[in-house]
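Let's take a walk through a protein model together. Have a look at the sequence and the 3D view first, then read on.

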Amino acid sequence: MTERLRAVIADDQALVRTGFRMILAADGIEVAAEAANGDEAVAAVRRTRPDVVLMDIRMPQMDGLEATRRIVAGGAEETRVLILTTYDLDHYVYAALTAGASGFLLKDVTPEHLVAAVRLVRSGDALLAPTITRRLVERFARRDNVKPTLHRDLSRLTPRELDVLRLLATGLSNAELADQLTLSVATVKTHVARILSKLGLRDRVQAVVVAYETGLISPGGTV
């Protein structure tokens, strides 16, 4: 029997919240609270300590980006934020990823994909459809010489860990990383966990962002 998963749904449209609640509940996921704006979302997370927040990026009073920042900064380390957006490659999504979100979903996501995404993020993985995150980073990283938001000292990583980070940033899965480096999947998972720990990152999404923002890999470049 698996531990019950708890979620908060933050969206200013009541119909969206109701639809997502029904989809999650049908799969045994408890919706601990709903929020119609960022202020309510932050308060709901502090009150209920959910596993996952489905966070609309555009809401009144406080948007999803600021709410994500506050949730992450507030020490809710076990809570993962999935950003909801209507438009693919929304520039707000990149900002949310750097603020600590663990991935994003388009609002027209299928019920099956929604449930799978929530469970995947809860398991400690990022949502990472990694190639989608890579597209976001390639489009917005280093734009207008903006100061990096997740800059980390890569000198803390071993040469092998740098290799893993480079390949991870290209969108490879653990199995693909293992095949590329001639390692077991378990060993790759260990390397990824050490990279996240050494760099103080929440998940693989932030590792992708760091790889681009530190120049380890260049937008449009190859390993």
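## The big picture

The protein exposes about 10500 Å², and carbon and sulfur atoms supply 50% of that area. (Accessible areas come from the Shrake-Rupley method with a 1.4 Å probe, and for residues only the protein chains shown count as cover.) What you're looking at is a predicted model, where local features need pLDDT of at least 70, side-chain atom pairs count only at pLDDT 80 or more, and totals for chains, interfaces and linings use all residues. Residues are numbered from 1 along each chain as its sequence is written, and side-chain values use heavy atoms, with hydrogens and water left out.

Of the 223 residues, 51% count as buried. Buried means under 20% relative accessible area, exposed means over 50%, and partly exposed is in between (1.4 Å probe, protein chains only). The secondary structure comes to ten helices and five strands. Those are DSSP runs numbered from the N terminus: helices are H or I with at least four residues, strands are E with at least two. Now for contacts, meaning heavy atoms within 4.5 Å: among those between residues at least 6 apart in sequence, 69% join residues at least 24 apart.

## How the strands line up

Start with strand S1 (residues 6-10). Four of its five residues are buried, so S1 is largely enclosed by the rest of the structure. S1 runs parallel to strand S2 (residues 30-35), joined to it by five bridges; two strands pair if DSSP finds at least two bridges between them. Along this pairing, Ala7 stands opposite Val31 in S2. S1 also pairs with strand S3 (residues 52-56) in the parallel sense, over four bridges, and here Ile9 has Leu54 as its bridge partner.

Carry on to S3 and strand S4: they run parallel too, with five bridges, and Val53 is partnered with Val81 in S4. S4 then pairs with strand S5 (residues 104-106) in the parallel sense over three bridges, where Ile83 stands opposite Phe104.

## Two well-covered pieces

Strand S4 (residues 80-85) is mostly covered, with six of its six residues buried. In a regular strand the side chains alternate between the two faces of the sheet. In S4, Arg80, Leu82 and Leu84 point one way while Val81, Ile83 and Thr85 point the other, and all are buried.

Helix H10 (residues 204-213) has ten of its ten residues buried, so H10 is largely enclosed by the rest of the structure. Among them are Arg204, Tyr212 and Glu213. Just after H10, Gly215 takes a positive phi of about 85°.

## Charged pairs

Side chains of opposite charge can pair when their charged atoms come close. How many salt bridges does a search of the whole structure find? It finds twelve, counting a side-chain nitrogen of Lys or Arg within 4 Å of a carboxyl oxygen of Asp or Glu. In one of them, Arg122 pairs with Asp51, with the closest N and O atoms 2.8 Å apart. Arg122 lies in helix H5 (residues 111-122) and Asp51 in the loop between helix H2 (38-48) and S3, so the pair ties together parts that are 71 residues apart in sequence. Arg122 is partly exposed at 31% relative accessible area, whereas Asp51 is buried at 10%.

Then there's Glu161 with Lys198, at 2.9 Å between the closest N and O atoms. Glu161 sits in helix H7 (residues 159-169) and Lys198 in helix H9 (residues 185-199), 37 residues apart. Glu161 is buried at 2%, and Lys198 is partly exposed at 25%. Arg69 and Glu66 make a salt bridge too, at 3.2 Å; both lie in helix H3 (residues 64-73), three residues apart, about one turn of the helix.

## A residue with a record

Which residue does UniProt mark with "modified residue: 4-aspartylphosphate"? According to that record, an unreviewed entry, it's Asp56. UniProt positions are given in the numbering used here, feature names are shortened, and annotations may be inferred rather than shown by experiment. Asp56 is in strand S3 and is buried, with a relative accessible area of 4%. Leaving out residues up to four places away in sequence, Asp56 touches Ala10, Asp11, Asp12, Gly64, Leu84 and Lys107.
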